[in-house]
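Open the model in your viewer and keep the selection panel to hand.

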Amino acid sequence: MDLLTGIGGFGESLWSYLIPFLFVLTVVVFFHELGHFAVARWCGVKVSTFSIGFGREIVGWNDRHGTRWKVSWIPLGGYVKFAGDENAASVPNRQQLEQTPVAERAGLFHFKPLPQRAAVVAAGPIANFILATVIFAGIFTFVGRSIATPVVDDVRPDSAAAVAGFAAGDRILTINGNPIASFEEMQRIVSTNSGSELRFEVVRGGETLALEATPQVQEITDRFGNVHRIAMLGIVRHIDSGNVEIVRSDPVTALWLGAKETWFVAERTLSYIGGIFTGTEDADQLGGPLRIAQVSGQVATIGFAALISMTAMLSVSIGLLNLFPVPMLDGGHLLYYAVEAVRGRPLGEQAQEYGFRIGLALVMMLMVFATWNDLVHLQVFSFLSGLFS
């Protein structure tokens, strides 16, 4: 009975995670590939396949231009395949291209001028950034932002804020000379400056004071039991209806705010990745499909707006990941094109082949590492041990 209950509960959790995960990933992948597709069509490139997912086709249809649109069984990405490609990674089929009559080469991607090929490749990540900006703008317009005044309600004992001399009732005016309009704005600055001394101007009893504090990384547990490491000062703000204002922006302002939000997510993501290499961040926070599925399911319980917001953040991350200069990714293709622009001719076939093999190995290693992190984070091994013991 315990075994059946455990399996049943696991199955329910699986579906509660799977549906939001598929929604989020499908939206992000679709717009990424749509960016490639739209610019390719604009440049006159013949597109043979537009696929959401990998593997065998579930359902599909052909449009009037001869493109096969399909949904495939493995929902962990997607691809646009151009005429003359050997596979979904846009590796050219050299033999087929050489045998293509000159009159038919105008519609083939690999015979297009270098600027057009670069534009087609870059269009995918750019589409991700545009999608994120539009989603954030929509949230700021129709849902609004919760803004709390930057006032200290309490200071945790022995925290960085306590050492710096913060006191309840302090109103924060500036950080490093930059005006602070909300408590959320202060939190963002603090969270991205671990170990860096920050200069604060605060108002206390009508007097302006200068304080200096260094945020320290602490572990916090969210409402779902997930543990996060984040830089904090130890300042507490009691959020209630009396000190929080919901602000909705007009579409033009919201679009600007959406672009700023997209930039913030991109900057924070790159900062984290850079921190892994410098040793200031832990790689165990790096997640893969399982972690995304878990977080998607958790966020979906908060509401649709939260799930859409997560979609925007994932879209930024996917856009950045694809710009990394690793063969197999869009950034790897752009790297090849940069070399071609400098040399005046493409890299040799063998050099490109070795590059794609190295890129595939790196991508597979990253996937394995991220999935291992997911399994450890989700305590799957402990679950299975307890289930069958």
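Select the Phe, Tyr and Trp side chains: this predicted model holds 10 aromatic pairs in the whole structure. Begin with Phe54 and Tyr79. Their ring centres are 5.8 Å apart and the planes meet at 15°, so the pair counts as stacked, since planes under 30 degrees apart are classed that way. The pair links distant parts of the chain, with Phe54 in strand E1 and Tyr79 in strand E2, 25 residues apart. Tyr79, at 13%, counts as buried, because the cut-off for buried is under 20%.

Next select Phe166 and Phe200. Here the centres lie 5.1 Å apart and the planes are at 85°, so this pair is edge-to-face. This pair also links distant parts of the chain: Phe166 sits in the loop between helix H4 (160-164) and strand E5 (171-175), while Phe200 belongs to strand E7 (residues 198-204), 34 residues away. Both Phe166 and Phe200 are buried.

To finish with the rings, select Phe30, Phe31, Phe37, Phe50 and Trp69, which ring pairs link into a cluster.

Now switch to a surface view and select Ile58, Val59, Val71, Trp73, Ile74 and Leu76. These residues form a nonpolar patch on the surface, and their accessible area together is about 560 Å². Strand E1 (47-62) and strand E2 (68-82) are the elements that give two or more residues to the patch. Which of them gives the largest share? That is E2, with four residues. Pick Val71, which is placed in strand E2. Val71 has 34% relative accessibility and so counts as partly exposed; the patch takes residues with over 30% relative accessible area.

Move on to helix H8, residues 304-323. H8 has 20 residues and spans 29 Å from its first C-alpha to its last, close to the 28 Å expected at 1.5 Å a residue. Colour the buried residues of H8: Leu307, Ile308, Ser309, Met310, Thr311, Ala312, Leu314, Ser315, Val316, Gly319, Leu320 and Asn322. When reading that pattern, recall that an α-helix has 3.6 residues a turn, so residues three or four places apart point the same way.

From H8, step along to Met328, in the loop between H8 and helix H9 (330-343). Met328 is not a glycine, yet its phi is positive, at about 95°. Most residues other than glycine have a negative phi. At 28% relative accessibility, Met328 counts as partly exposed.

Zoom out to the whole chain to end the tour. The secondary structure comes to 11 helices and 12 strands. Of the 389 residues, 38% count as buried. The accessible surface of the chain is about 21,500 Å², and 62% of that belongs to carbon and sulfur atoms. If you draw the contacts with a separation of 6 or more, 61% of them come from residues 24 or more positions apart.

Key: Residues numbered from 1 in each chain as written. Predicted model: local features only at pLDDT ≥ 70, side-chain atom pairs only at ≥ 80, totals over all residues. Heavy atoms only, no water. Patch = residues over 30% accessible without salt bridge, like charges linked within 9 Å, V, L, I, M, F, W, Y side chains within 5 Å. Areas by Shrake-Rupley, 256 points an atom, 1.4 Å probe, with all protein chains shown as cover. Salt bridge = Lys/Arg side-chain N within 4 Å of Asp/Glu carboxyl O. Buried < 20%, exposed > 50% of the residue type's maximum accessible area, 1.4 Å probe, protein only. Expected span 1.5 Å × (residues − 1). Contact = heavy atoms within 4.5 Å. Phe/Tyr/Trp six-rings, centres within 6.5 Å; stacked < 30°, edge-to-face > 60°.
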